[in-house]
Amino acid sequence: MASDTTMAQPGTLAAPAAAFIAPAGYWKLVRRRLLRDKTTLFVTAMLVAIVFISLAAPWVTSYDPYQGSIMLRLKPIGTPGHWLGTDETGRDIWTRLCYGGRLSLLAGVVPVAVSLVVGSFLGIVAGFVGGRIGTLIMRTMDVFYAFPSILLAVAICGLLGNGLTNSIIALAVVFIPPMVRIAETVTAQTRQLDFVEAARAGGTSTMQIIRHHILSNVLGTILVYATSLISLSIILSAGLSFLGLGVTPPQAEWGLMLNSLRQAIYVQPYVAALPGLLIFVTSMCFNLMSDGLRGAMDVRLNR
Amino acid sequence: MAKTGALDPRDRGGKAQPLLTVQNLRKHFPVRGGVLNRVKATVHAVDDVSFSVRKGETLGIVGESGCGKSTTARLLMQLIAPDEGTLIFDGDEVGATGGISVAAMRRQMQMVFQDSYSSLNPRMTMVDSIAYAPHMHGVPKRRAYEEAESLLAQVGLNPQQHARRYPHEMSGGQRQRVNIARALALEPRLVILDEAVSALDKSVEAQVLNLLRELKARFDLTYIFISHDLNVVEYVSDRVMVMYLGQVVESGPVEAIYRQPRHPYTRALLASKPSMDPDKRTTAMPLTGDPPNPIDPPSGCRFRTRCSYARDICAAAIPPLAPPMVDDGPAEHLVACVVPEAQEGRVLTHA
Amino acid sequence: MLLFSLRRLMLAIPTLLGVSLVVFGLVHIAPGNPIDMLMPPEASPEAIAQMKIAYGFDKPLYIQYFLWLGHAAVGQFGLSVFNATPVWDQLVVALGNTVQLALLAAFFGFGFGIVLGLLSAAYYGKWPDKLFSAITTAGVSLPHYWCAIVLVMLCAVLHDWLPAQGMGDDSLPFYERLQYMILPVVTLMLIPMGVIGRLVRARVLDIISQDFVGALSAKGLTRWPVLRHIIKNAAPPVLALMGLQFGYLLGGSILIETVFNWPGSGNLLNLAIFRRDIPVLQATILVLATFFVLLNLAVDVIQAAIDPRIRR
Ligand SMILES: Nc1ncnc2c1ncn2[C@@H]1O[C@H](COP(=O)(O)OP(=O)(O)O)[C@@H](O)[C@H]1O
Ligand SMILES: [Mg+2]
């Protein structure tokens with residue numbers, strides 16, 4: 001059941017996945033499995049291409065992403081010189097999509113990275129120390145769990161004001177609680193294994209136990225979960241921009257582009273749908289990559 | 001590393017002084033529940049347990065599962081804090097001023113757990129696991145690893161073949177050998193074996209038991225051997241201690257306990273033991289009544305609710321451990337029972 | 001059972017208090033003085049002072065919180081800053097509209113999800129199963145606001161099949177107003193359908209492999225005793241997920257309602273944000289989150305009623 005509620009999709013944040021303790025020699029096995037998995041290889045290549053094109057935007061297009069021309073407003077796909085058309089102020093769509101990848105990826109990946117660091121720290125503390133501190137941390141997380149994720153993100157962004165930073169903060173706050181829950185569960189499970197007791201019996205200090213025995217066993221599970229969140233994070237961050245709560249105009253970002261092109265849906269429906277298509281493709285690639293990783297790391301499958 | 005014959009410099013009190021003396025050890029666990037998650041009851045896991053372990057002996061601890069054997073072991077290792085009680089290690093009180101520190105005691109006392117797989121960090125190779133604690137204690141990495149490999153050889157594993165393996169690449173018996181090696185890496189004097197062979201196949205169990213015997217002689221070790229398997233305890237122990245619901249009900253030399261059990265519980269336990277020889281099976285009644293429940297145990301003698309000899313006096317007070325009333329056996333044989341008929345195991349005639 | 005329900009309720013109370021604290025706190029850590037948002041910039045100092053007293057902003061923060069909470073507990077959220085109508089009245093209308101959509105979307109989404117999940121379990125590994133997993137994998141990666149736009153494009157722009165926006169006039173006949181609901185409901189039901197379908201499929205396969213170890217093929221699904229056994233065992237987790245999904249339909253509808261201009265609670269929230277209408281904003285978030293907590297509570301209790309193993 002774990003893998004089915006953990007899948008990323010708007011509004012759903014996973015219940016903690018069951019912990020598994022992975023033997024280290026098996027990283028080789030994971031790599032071998034991944035290299036044999038054509039889907040995962042393909043989507044990873046796609047992602048690399050998307051990242052590369054958005055980073056190399058100035059070299060893959062000659063237009064300015066902010067400079068439009070009144071004469072060239074809302075041209076259809078296939079217009080000479082503007083092969084993906086132009087937007088409502090006459091800016092080249094291909095150019096804006098390329099540049100837009102930067103902010104869209106940034107706004108999608110950074111919240112997950114932040115929540116990974118903060119969430120696993122809090123979760124490991126809660127799971128290892130337990131007691132009052134653990135209860136306090138977990139009860140606080142329950143409060144944030146009580147909001148549907150979009151609602152919480154919208155509330156935070158709506159009140160803090162729009163902008164890239166606030167959108168990142170909002171999504172990090174949304175992702176920290178599930179991250180803490182998973183880290184806490186896995187840590188608590190690992191902590192009560194005999195090898196931790198044996199280490200204590202051998203006179204190992206708490207910090208050393210966390211560093212050498214807990215962290216290495218907990219991190220794998222958390223990392224897989226984090227990759228599965230990226231897809232959702234990209235959808236949500238673009239969604240915030242779409243609502244006008246994230247990145248501000250005239251910056252290029254897919255969600256924001258979708259928002260402004262929405263008015264043009266009666267004139268150039270296909271052009272208007274393009275930014276959303278990119279959000280979809282990127283999020284799907286992240287999802288499939290995460291699925292592949294999860295499958296390759298599944299200890300129960302003996303392939 | 002081998003210290004055969006030579007006098008251990010850490011030996012302070014000489015042969016006659018017990019290696020470990022345990023006085024009035026007590027541990028109760030709260031059970032929470034209800035709407036407010038209040039403490040509803042207490043598990044009397046270990047209740048007023050006293051005993052001592054002599055240098056060089058193997059003390060066996062037996063009892064049904066749940067009677068507090070593992071809790072006792074964890075208390076001895078200071079893995080959990082006792083509610084009450086003192087430990088005296090070779091004459092020094094543990095944790096007291098002027099005594100020996102917990103850290104210092106832990107170096108001389110090590111433990112092997114039942115589950116050989118979860119006892120090993122799945123991301124560490126065998127040598128990593130063995131060398132880890134000595135390295136943390138300041139032994140240079142090179143030397144810690146060399147010694148780990150030599151220990152592997154001592155527990156009967158080929159270092160070339162097994163040193164770089166991960167736990168999931170080994171069999172249960174092999175892993176338990178590694179766990180033993182890890183316990184020995186800190187050069188302890190006392191090793192607590194908590195059901196250390198219980199999870200192994202019979203043939204592997206015998207091999208590991210023989211290994212333990214060899215190591216004991218080679219490193220001059222003292223064992224506390226915990227098991228619910230009466231046959232194994234009989235095989236390895238010099239002295240035996242029988243526990244019931246967190247208390248010691250009988251203790252003494254292994255022959256005395258097995259040949260002339262004085263506590264009705266011990267007798268019932270032995271009666272239910274699968275014996276290899278049908279003629280030797282005793283005729284005492286098997287255990288009846290509810291299985292032991294350490295939550296709010298009965299007053300007085302805890303066994304009285306299942307004991308056919310029980311009478312009013314049994315409910316009045318917890319019977320002290322004392323020499324049997326009816327016996328001419330060894331002086332160190334102690335039993336916690338106040339009914340002479342029960343100690344003798346006389347067949348009851350009344351209805 | 002009663003004990004379990006009570007305990008679960010006791011756990012929900014601090015959560016709800018925490019939720020209210022977050023909603024209240026967010027307004028106060030937000031940049032800008034709430035008074036400035038309430039008053040035109042050219043307002044006189046006296047007017048500002050008066051306003052402060054009227055809204056209780058002159059009192060210490062914690063007193064403000066308890067006052068607000070006390071009023072909120074009885075549905076007193078004050079007047080909208082934007083149009084001076086009672087917040088509660090606006091909210092009730094908006095929630096009603098959201099619930100309409102959510103109920104329909106849940107009904108169809110869960111229904112199709114269960115059927116598809118059962119079908120793909122029955123045809124495990126064959127083409128219906130593969131098709132279904134391809135659809136759900138795509139479905140969970142779908143930005144549903146984009147999906148809404150594409151649907152509008154297809155059904156309202158390229159063809160004139162369905163209305164694109166709003167909920168229709170009250171004077172319209174019922175079936176015509178129903179047309180306004182079709183696109184939002186279809187968009188909203190996609191995610192619950194995929195999520196429930198995947199869980200049903202996984203649970204059914206799990207139960208088949210565990211309990212009938214090869215004794216019955218997946219084809220046995222068509223036989224009633226087998227089906228009943230599977231339903232009994234699969235129900236608790238599926239039910240829990242349904243509760244969660246229904247909560248998301250209610251609380252997460254803001255994007256869809258914005259695209260379709262559907263006058264529900266999400267739309268109200270969106271408007272409140274852009275109008276800086278703090279009372280409306282606080283009330284909407286608080287009520288939606290409370291809904292969500294209570295829904296989870298109900299699901300837990302129902303789940304425990306079905307499956308006693310869950311009671312702890
Ligand atoms: N950490 C704990 N919390 C609560 N109860 C415990 C804990 N550890 C052990 N117990 C209880 O104490 C009793 C003795 O357990 P244990 O020492 O493991 O028995 P044994 O090793 O003889 O089988 C059992 O009833 C067990 O449930
Ligand atoms: Mg035990």
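Helices (H or I, at least four residues) and strands (E, at least two) are DSSP runs, numbered from the N terminus. The model shown here is predicted: local features need pLDDT of at least 70, side-chain atom pairs count only at pLDDT 80 or more, and totals for chains, interfaces and linings use all residues. Residues are numbered from 1 along each chain as its sequence is written, chains are lettered from A and ligands numbered from 1 in the order in which they are written, and side-chain values use heavy atoms, leaving out hydrogens and water.

**View 1. V154(A) in its helix.** Let's start with V154(A), which sits in helix α7 (residues 149-160) of chain A. V154(A) has a relative accessible area of 1%, so this residue counts as buried (under 20%; exposed is over 50%, partly exposed in between, with a 1.4 Å probe and protein chains only).

**View 2. The neighbours of V154(A).** Leaving aside residues up to four places away in sequence, V154(A) touches L240(A), L243(A) and L245(A), along with I254(C), L269(C) and I273(C). Contact here means heavy atoms within 4.5 Å. Look also for S167(A), 13 residues from V154(A) along the chain, with 8.8 Å between their C-alpha atoms.

**View 3. Strand β7 of chain B.** Now find β7(B), residues 190-194, where 5 of 5 residues are buried. L190(B), I192(B) and D194(B) point one way, while V191(B) and L193(B) point the other way.

**View 4. The partners of β7(B).** Strands pair if DSSP finds at least two bridges between them. β6(B), residues 109-112, runs parallel to β7(B) and is joined to β7(B) by 4 bridges; Q110(B) has V191(B) as its bridge partner.
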